[in-house]
Amino acid sequence: MVNKKRTSPKGRPRGTGRDSRGGLFLAAAREFAERGYEAAGVDRIAQKAGVSKAMLYYHFGSKLGLYHDVLGDMFLAVGQRARAIADGPGDAEQKLDAWILTIAEEAQERPWFPPIMLREIASGGPHLDAETLGRMNAVVGTIRDIVVQGQQEGLFRDIDPLLVHLTITPTILIFFARQGVVARRGAVGGVAAPIPPEAFIGHITTTARRMLRIGAPGGGA
């Protein structure tokens with residue numbers, strides 16, 4: 001007699017009664033952060049989530065689909081908030097401050113994201129699909145609009161907005177990735193303890209303003 005997979009009346013594999021999708025998402029996010037995409041195991045993810053592997057495929061379709069969902073969650077959250085900032089009231093410096101704070105807050109809420117993204121970038125982005133890249137570009141578009149506004153207001157020097165993005169965003173990712181390392185391993189080899197996020201945000205905000213203002217090194221008068 002064939003042992004058929006038990007499903008719900010709607011074709012859904014039976015789970016445990018908990019929020020199986022949310023549990024899988026968190027388990028996968030931590031697995032990808034710790035091991036990287038290639039080494040991450042769907043069996044281990046399902047076990048940590050306390051559900052069957054069939055639930056993973058039911059919700060996400062594949063390991064790659066789950067990976068894209070983890071990345072997309074960050075980019076979508078940042079993109080929506082950043083677009084509201086770029087399109088909202090305030091001068092360009094105020095928007096710049098809010099933009100930086102948005103990325104930092106969302107990264108802090110998702111401690112798995114910085115190590116995942118840094119690993120993905122270092123490996124050449126082999127697992128980034130068109131939708132994820134589109135969400136990334138949407139975030140870049142918001143800082144472009146803020147920089148252009150600042151130039152029109154006479155606040156910011158002539159600078160490529162992509163360079164602004166590449167100066168700020170990787171720094172935020174590295175900061176929060178380092179916070180995770182120090183939190184797990186402690187101060188090793190004289191490395192300082194974790195820096196308060198608010199101190200870092202204040203530092204990067206001040207640095208970004210100085211970089212963009214007219215009269216900054218490499219800028220106009």
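Reply: Axes here are lines fitted to C-alpha atoms, for helices over the stretch in contact, and angles run from 0 to 180 degrees between N-to-C directions. Helices (H or I, at least four residues) and strands (E, at least two) are DSSP runs, numbered from the N terminus. This is a predicted model, in which local features need pLDDT of at least 70 and side-chain atom pairs count only at pLDDT 80 or more, while totals for chains, interfaces and linings use all residues. Residues are numbered from 1 along each chain as its sequence is written, and side-chain values use heavy atoms, with hydrogens and water left out.

The chain has nine helices and zero strands. Helix H2 (residues 42–49) and helix H3 (residues 53–60) have axes that come within 8 Å and cross at roughly 100°. H2 is therefore roughly perpendicular to H3, a label for angles of 65 to 115 degrees (under 35 is roughly parallel, over 145 roughly antiparallel, the rest oblique). On the H2 side the contact (heavy atoms within 4.5 Å) is made by Val42, Asp43, Ile45 and Ala46, and on the H3 side by Lys53, Leu56 and Tyr57.

Next, the interior. Of the 221 residues in the chain, 43% are buried, where buried means under 20% relative accessible area, exposed over 50% and partly exposed in between (1.4 Å probe, protein chains only). The largest nonpolar core has 56 residues; such a core is a set of buried Ala, Val, Leu, Ile, Met, Phe, Trp, Tyr and Cys residues joined through side-chain atoms within 4.5 Å. Phe32, Leu96, Trp99, Ile168 and Ile172 have the most contacts inside this core. Helix H4 (residues 63–87) gives the most to the core, with ten residues. Leaving aside residues up to four places away in sequence, Ile172 touches Ile100, Ile103, Ala104, Ala107 and Phe200.

The structure also holds eight aromatic pairs. Rings of Phe, Tyr and Trp (its six-membered ring) pair if their centres lie within 6.5 Å; planes under 30 degrees apart count as stacked, over 60 as edge-to-face and the rest as tilted. The ring centres of Phe75 and Phe113 are 5.4 Å apart and the planes lie at 85°, so the pair is edge-to-face. Phe75 is in helix H4 and Phe113 in helix H6 (residues 113–122), 38 residues apart, so this pair links distant parts of the chain. Phe75 and Phe113 are buried. Ring pairs also link Phe32, Tyr37 and Tyr67 into a cluster.
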